[in-house]
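Have your viewer ready, and try each task before reading its solution.

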Amino acid sequence: MMRHVFSLVLIAGLALAGPGLAQSVRLQGADGQSAVIDAEALARLPRVSVSFNVHGEVHRFDGPLLIDVLKAVGVEQGAALRGPALAQAVRVSAADGYVVVYGLGELDPRTRGNRIILADQVDGRPLPETDGPYRVVAEGDLRPARAVRQVEAIDVVRLAEPGGTLH
Ligand SMILES: Nc1nc2c(c(=O)[nH]1)N[C@H]1C(S)=C(S)[C@@H](COP(=O)(O)O)O[C@H]1N2
Ligand SMILES: [Mo]
């Protein structure tokens, strides 16, 4: 019994210790699905390495494809990513209120060659606290403006009218 009380106090203490310990990202799907992913969940996904130029310096960023992360809330990929599914926006929000929108189609590796990842490492180390724990990196971007630091939430939003046609 005492041991359980102690565990509860320990867990509550960790929860109160502040956002630095909340190493998770909130996900919301287009149809109301939601999930919270943490380092453990991310570690189970296939990893990708991307070279990315930040203000004239090339760095290697590692992490899962952003579209693989979004599988937790159900997104179409590959051949299924067609018609109205291509009218979905992926809104990435950061701790400081910075928001960047990607199109779901540009996240899909079977649609487009340049990869977009949720990086948790740079040059083989965890991201520095100012940038991480998670940062979006879009391979091929010529400026790092879309490379959202300190990602907190990712939402998928449908922009097509309901009943849109499949072409
Ligand atoms: N959360 C967050 N991410 C952000 C920004 C920001 O203001 N907040 N600025 C963007 C811009 S405009 C640039 S140029 C790069 C800067 O990357 P650096 O901090 O690694 O130099 O981060 C991008 N990611
Ligand atoms: Mo910038």
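**Exercise 1.** Which residues surround ligand 1, and how do they divide by class?

*Solution.* Start with the shell, taking residues with a heavy atom within 4 Å of the ligand. Ligand 1 is surrounded by Val54, His55, Ala94, Asp96, Tyr98, Arg135, Pro144, Ala145, Ala147, Val148 and Arg149. Next, sort them: seven are nonpolar, one is polar and three are charged. Here Ala, Val, Leu, Ile, Met, Phe, Trp, Tyr, Cys and Pro count as nonpolar, Asp, Glu, Lys and Arg as charged, and the others, Gly among them, as polar.

A word on conventions: this is a predicted model, where local features need pLDDT of at least 70 and side-chain atom pairs pLDDT 80 or more, while totals for chains, interfaces and linings use all residues. Residues are numbered from 1 along each chain as its sequence is written, chains are lettered from A and ligands numbered from 1 in the order written, and side-chain values use heavy atoms, without hydrogens and water.

**Exercise 2.** Which polar atoms lie beside the nitrogen and oxygen atoms of ligand 1?

*Solution.* Look for pairs of N or O atoms within 3.5 Å. A ligand nitrogen is 2.8 Å from a side-chain N or O atom of Asp96. For Ala147, a polar backbone atom is 2.9 Å from a nitrogen of ligand 1. Finally, an oxygen of the ligand lies 3.0 Å from an N or O atom in the Arg149 side chain. Of the 530 Å² that ligand 1 exposes when taken alone, the protein buries 73% (Shrake-Rupley method, 1.4 Å probe).

**Exercise 3.** Where is His55, and what is its phi?

*Solution.* Then check the backbone: phi is positive, about 50°, although His55 is not a glycine.

**Exercise 4.** Which residues does a cis peptide bond join?

*Solution.* The bond joins Gly132 and Pro133, with omega about 10°. Pro133 belongs to the loop between strand 9 (125-126) and strand 10 (135-138).

How values were computed:
A polar contact is a pair of N or O atoms within 3.5 Å; within protein, one must be able to donate a hydrogen and the other to accept it, and residues adjacent in sequence count only if both atoms are side-chain atoms. Helices (H or I, at least four residues) and strands (E, at least two) are DSSP runs, numbered from the N terminus.
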